[in-house]
Amino acid sequence: MRQRLAVGNWKMHGSLPENRDLLDAVAAAAAGLKKAVCAVCVPFPYLAQAQSALAGTRMAWGAQNVSQHPKGAFTGEVSAAMLREFGCRYVLVGHSERRQLFGEGDATVAAKAKAALEAGLTPIVCVGETLAEREAGVTEKVVGRQFGAAAEVLGVKGLASSVLAYEPVWAIGTGKTATPEQAQAVHAFVRGLLARQDAGLANGVPILYGGSVKAANAAELFAMADVDGGLIGGASLAASEFTAICQAADAA
Ligand code: PGA
């Protein structure tokens, strides 16, 4: 059975005192988990805080972005090796906010995923269409292109150590969740793309759904055959919500 995951994406939220309460609460909740892997991806300056609060618990942590370069004159960038020094297990790459607001294209996203893997991190490679793309009927074309660019650079071996996340842009932060059937349809399509690379990959690589996941809809989304868990934005900032979502992933 594929690994079940619930990963929080705090985005640019938090403060040292707020984080302390949230991290303590999610760490305590993680103690009750049996099979799901749960993690929080926090802003860079809070990695040390996450590390000290979560080390030794069942809650992993990670970052929301990484440089594609290993080191050098890249002002403002953070390398994958630096993230490893702070105990990160995961890093998001290609989140739609990075693609849309910071101009990250498919090639950059693929290079970031590769850099993450080379440093021993698990990249969570995000793909997803905009509302205009869905309405134009090109969802599979867009998701296929985004996946293909990563697959070409990572190869079967790299993909086997990665996690994928399908996040329809129209569902992110809008309260407008994809229906379980809409999510399943794209997840099955991505699963098929994995299978075309290698049959074993399709059975092994977790595909998370992201976009307005909350405690109230997590179980029905995670019950779908190809939905292996969630990438959680807003709801990961509330301990009780995120805890319930982690429990739903554990029970799925
Ligand atoms: P949301 O964000 O859960 O707030 O919709 C998801 C994401 O951007 O990863």
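## Around Trp 10

Trp 10 lies in the loop that runs between strand S1 (5-9) and helix H1 (16-30); helices (H or I, at least four residues) and strands (E, at least two) are DSSP runs, numbered from the N terminus. This is a predicted model, in which local features need pLDDT of at least 70, side-chain atom pairs count only at pLDDT 80 or more, and totals for chains, interfaces and linings use all residues. Residues are numbered from 1 along each chain as its sequence is written, and side-chain values use heavy atoms, with hydrogens and water left out.

Is Trp 10 buried or exposed? Trp 10 counts as buried because its relative accessibility is 1%, where buried means under 20% relative accessible area, exposed over 50% and partly exposed in between (1.4 Å probe, protein chains only). Leaving out residues up to four places away in sequence, its contacts include Asn 19, Val 40, Gln 64 and Leu 237 (heavy atoms within 4.5 Å). Gly 233 is 223 residues from Trp 10 in sequence, yet their C-alpha atoms are 5.9 Å apart.

## Helix H5

Helix H5 (residues 106-118) has 13 residues and spans 18 Å from first C-alpha to last, close to the 18 Å expected (1.5 Å times one less than its number of residues). Its buried residues include Asp 106, Val 109 and Lys 112. Among the elements covering them are strand S5 (122-127) and helix H7 (139-160). Just after H5, Gly 120 adopts a positive phi of about 90 degrees.

## Arg 98 and Phe 102

The charged end of Arg 98 sits over the ring of Phe 102, 4.1 Å from its centre (NZ of Lys or CZ of Arg within 6 Å of the ring centre and within 35 degrees of the ring normal).
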